[in-house]
Amino acid sequence: LLDSLSYFIIDEMKKRALSEQLFFMSYHDALTGVFNRNCYKKDFEKFSSDFKNSIGIIYADINGLKKVNDELGHNAGDKLIKNVASILIACFKGHKIYRVGGDEFVIVCKDLSEEEFQSYIKKVRDRVDSDETCSVSFGHAWSNQRDNIEKLVKEADFLMYQDKNNFYQRYR
């Protein structure tokens, strides 16, 4: 009886551990450990009701990832992605970071003043600019109203593409 009981307990513990691992994997990016696109989509619905004072959205896109992958291989590209993710994690402690595409990240900063939000932007830009191994284009938008989070995301995305275009114009 004890053998049977211990078997069922151990089996249940294994199932629970597997379930927790699958849940983690469904909402986290395997390469970087930040939240993934599935989690972003799930959380997006809550953004407009989930902050008290303000929300800031940052869109980040790695410059030149395709070239790195083509010329140095996908392992080098993965290393670049992980490096950028570690910079974002270091700069945005306590805020949600999502990898929403191969080389795109969205950072959501809630309940910061506009000045605090701008200081985060400066901090991450300075950190990326001082790192010779990567280049990242950024776009950001901040609001203290709950009106339209989708509009903020689109604004941040648009500004990121402008920054990316400026980068490629400078380095052609």
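A pocket is an open set of grid points, on a 1 Å grid over the protein atoms alone, with protein on both sides within 12 Å along at least five of seven lines. The exercises below use a predicted model.

**Exercise 1.** Describe the second largest pocket by its volume, its lining and the elements that contribute to the lining.

Solution.
1. The space in the second largest pocket is about 170 Å³.
2. Its lining consists of 13 residues, and those nearest the centre are D129, S135, V136, F167 and R170.
3. Two or more lining residues come from each of α5 (114-129), β5 (136-143) and α6.
4. By class, the lining of this pocket has six nonpolar, three polar and four charged residues.

**Exercise 2.** Determine which side of helix α2 is buried and what covers the buried residues.

Solution.
1. Helix α2 spans residues 37-47, and its buried residues are C39, Y40, D43 and F47.
2. These residues lie on the same side of α2 because they cover an arc of only 95° around the axis.
3. An α-helix has 3.6 residues a turn, so residues three or four places apart point the same way.
4. Exposed K41 and E45 sit on the face of α2 turned away from the buried side.
5. The cover over the buried residues includes α1 (2-27), β2 (55-62) and α6 (149-170), among others.

**Exercise 3.** Classify I87 as buried or exposed, and list its contacts beyond four places in sequence.

Solution.
1. I87 belongs to helix α4 (residues 74-91).
2. Buried means under 20% relative accessible area; I87, at 2%, therefore counts as buried.
3. Beyond four places in sequence, I87 touches V124, R127, V128, D131 and C134.

Key:
Residues numbered from 1 in each chain as written. Predicted model: local features only at pLDDT ≥ 70, side-chain atom pairs only at ≥ 80, totals over all residues. Heavy atoms only, no water. Buried < 20%, exposed > 50% of the residue type's maximum accessible area, 1.4 Å probe, protein only. Helix = DSSP H or I, 4+ residues; strand = E, 2+ residues; numbered from the N terminus. Arc of directions from axis to C-beta. Contact = heavy atoms within 4.5 Å. 1 Å grid on protein atoms, 1.4 Å probe; cavity = no way out; pocket = protein on both sides within 12 Å on 5 of 7 lines; lining within 4 Å. Points joined across faces, edges and corners; volume = space filled by probe spheres on them. Nonpolar A, V, L, I, M, F, W, Y, C, P; charged D, E, K, R; others polar.
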